[in-house]
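Open the model in your viewer and keep the selection panel at hand.

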Protein chains: 2
Amino acid sequence: MAVAARRQPPLAPGAVIGVLGGGQLGRMMAEAASRLGFEVAILDPQPRSPAARVAARQIIAAYDDPAGLDELGRISDVVTFEFENVPAASVERLAAGGALVAPGPKALATAQDRVAEKTFLNSVGATTVNFRPVDSLDDLRAALKGLGAPALLKTRREGYDGKGQAWVRSDADVETAWRAVGERPSILEAGADFRRELSIIAARGWDGATAAYPLGENRHEGGILRTTLAPAEADRSTEQAARDIAAKVLNGLDYVGVIGIELFDLGDRLLVNEIAPRVHNTGHWTQDGCACDQFEQHVRAIAGWPLGPTTAHAWIEMTNLLGPEVERWRDLAGEPDARLHLYGKGEARPGRKMGHVNRIRRG
Amino acid sequence: MAVAARRQPPLAPGAVIGVLGGGQLGRMMAEAASRLGFEVAILDPQPRSPAARVAARQIIAAYDDPAGLDELGRISDVVTFEFENVPAASVERLAAGGALVAPGPKALATAQDRVAEKTFLNSVGATTVNFRPVDSLDDLRAALKGLGAPALLKTRREGYDGKGQAWVRSDADVETAWRAVGERPSILEAGADFRRELSIIAARGWDGATAAYPLGENRHEGGILRTTLAPAEADRSTEQAARDIAAKVLNGLDYVGVIGIELFDLGDRLLVNEIAPRVHNTGHWTQDGCACDQFEQHVRAIAGWPLGPTTAHAWIEMTNLLGPEVERWRDLAGEPDARLHLYGKGEARPGRKMGHVNRIRRG
């Protein structure tokens, strides 16, 4: 396949940014890109997806549709994605056709397989909990013996917001857990006795420059993120340890764009829980807490612009609005310090991310 | 014509906001509306206008096209406009068809005619320079005698960014000036010995509530706004006088939405220069200086939501990027405290507003 000539970064305003995925992350990315004068093209199988409704162009096609991918690659000066389960073959097709794709295939492949991800993380010195690959019930029994209970069984691939995982608290749970993950290739992770979950949102440009936002502290309910408080209270050594981890991960993946890294704070050290090769729900606080939010930062990184500032000018409590909670817009609209971000989704199914609110505390 | 039943404010997310005009003001309005979960429909004669490229729907039609207007009215829960020279008949047609239009016809009619505007302003106690309507060369001579030189001749209708106006410094200028305004119905305004131009961006909701941002100080070059510094240095009485003027104007017009009011600061008092019944270039600083910017404020007002907070959390220097100055994006992208806002316009004709930059100074 001929490699098309295309503009090299820094991309000038008017250049087209292609996005695989038309959900809320693509939508907020599109808004940031438009503000910098870029055109946005969204590829999503769903017509009138949240992102397509704020973008100049949309391609309605499956994520593995060759014609759709080729068109996206042809019209875009750089292509990115809003979720990590984009088929690797799609990104390979885009790259083979001459498209500039960021983050690159290595980040995607690593983040798509929990065993590959943890293996990579430990190889660059970003420590995780102990883990064992699990391909059978026998593997699971052996892994549990090796790691000790309780341990968490997760599918190697896919699964998000707590889906596709099960706790194994004793030998008696083994068979139930194995069925719970669909008897699919999995990973058993040792339990971590952490005090809290933190996350760091960081970015790396084509030139290797990196930048990281202050830490966020996250609270989950039923496996789904409920709130992020940021900047989190953290001593200097914790902050520095998180930045060191981010730099190791970004450089190790030769990464371009924004990444979200979830961390377990054990009190005396940090372990990496998981990485998301994209803008991240725990970074939404930056929209109202920083001059340059994570969405603009991602666009800057992939467009080859200098990274923006990452300091916070306010303390933010970000709360997700899940399913019918979006009806709280009536009250939230009247809270002076509540900045609402709604995603334009129609059906408010329970647990569905419909929007979020950033409550601003200055001082 | 039957009046259609339509949703009453407060409009729920998912409601459609129709905008007459697809330029940069409509674009930034659309971005704010999307963030609150609204759908945006843009009516503009130009395909792929700046605003249409970030909006869910576009109607390509002239501003006086009956079919286009009827369609906009039918699909919109509220209709607004981004420029004051929308034909009054178009707004009347929309209203007659049952559309909710904000700001209303009175604000539009008042702002479209400089004599009506100044007459209204003085009637509510918002003082302006002295002025005389001018319909002929004889009128102009008499008006100059009455007001004294120098005085400024402007067409009564249309004209912006210094177009359609001429200074009259002596009797000798009279004929040249009259030709310069195209021998059209005009207004002669007495010169004002002002120290600086200020502006106040204010809003009023359907319920009559009002809110005003801190003052901005404006500098023009060649009749076009160059920079706004905000919040402007101003003593408490100046700030209060400006707020009083804003309240008189908003209430006097039974206004709904954001208004821009330009003021001459004479040192001991303020005179109103002109009003713009829409979001305003001198309010762009609010995007990076306030939690709720003028665009969100306008959307909140017309959608019947409570008005947002208007306090500033940073000091901003807003600079317009005119014509080829937009090429400065390369340098500006690397200035950490410069937030770029580009409008996605293709052709950088001299003087054309292509974008702006907000430089943030905290302190």
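## Chain A as a whole

Select chain A: it carries 11 helices and 17 strands, where helices (H or I, at least four residues) and strands (E, at least two) are DSSP runs numbered from the N terminus. This is a predicted model, in which local features need pLDDT of at least 70, side-chain atom pairs count only at pLDDT 80 or more, and totals for chains, interfaces and linings use all residues. Residues are numbered from 1 along each chain as its sequence is written, chains are lettered from A and ligands numbered from 1 in the order in which they are written, and side-chain values use heavy atoms, with hydrogens and water left out.

The C-alpha trace of chain A spans about 60 × 55 × 40 Å along its principal axes. Of the 363 residues in chain A, 58% are buried (buried means under 20% relative accessible area, exposed over 50%, partly exposed in between, with a 1.4 Å probe and protein chains only).

## A buried alanine

Select A:Ala177 in helix α7 (residues 174–180) of chain A. Is A:Ala177 buried or exposed? A:Ala177 is buried, at a relative accessible area of 3%. Leaving aside residues up to four places away in sequence, A:Ala177 touches A:Leu153, A:Ala166, A:Trp167 and A:Val168; contact means heavy atoms within 4.5 Å. A C-alpha to C-alpha distance drawn from A:Ala177 to A:Leu152 reads 9.1 Å, across 25 residues of sequence.

Move to the loop between α3 (88–96) and α4 (105–112) of chain A, which holds A:Pro103. The peptide bond joining A:Ala102 and A:Pro103 is cis, with omega about -5°.

In chain B, go to the loop between α6 (137–147) and β6 (151–155), where B:Pro150 lies. A cis peptide bond with omega of about -5° joins B:Ala149 to B:Pro150.

Next, select A:Asp254, in the loop between α8 (236–252) and β13 (257–265) of chain A. A:Asp254 is not a glycine, yet its phi is positive, about 50°. A:Asp254 is exposed, with a relative accessible area of 56%.

## Helix α4 of chain B

Select residues 105–112 of chain B, helix α4, in which B:Ala107, B:Leu108, B:Thr110, B:Ala111 and B:Gln112 are buried. Elements of chain B that the buried residues of α4(B) pack against include α3 (88–96) and β14 (270–276).

## Enclosed space

Finally, hide the cartoon and look for cavities. On a 1 Å grid over the protein atoms alone, a cavity is a set of points where a 1.4 Å probe fits but cannot get out, and lining residues have an atom within 4 Å of a point. By this rule there are 6 cavities of 30 Å³ or more. The largest cavity holds about 640 Å³; grid points are joined across faces, edges and corners, and a volume is the space filled by probe spheres set on the points.

Which residues lie nearest the centre of the largest cavity? Select A:Arg35, A:Gln287, A:Asp293, B:Arg35 and B:Gln287, out of 35 lining residues.

The second largest cavity has a volume of about 70 Å³. Residues lining the second largest cavity include A:Arg27, A:Arg53, B:Phe38 and B:Glu39.

Notes:
1 Å grid on protein atoms, 1.4 Å probe; cavity = no way out; pocket = protein on both sides within 12 Å on 5 of 7 lines; lining within 4 Å.
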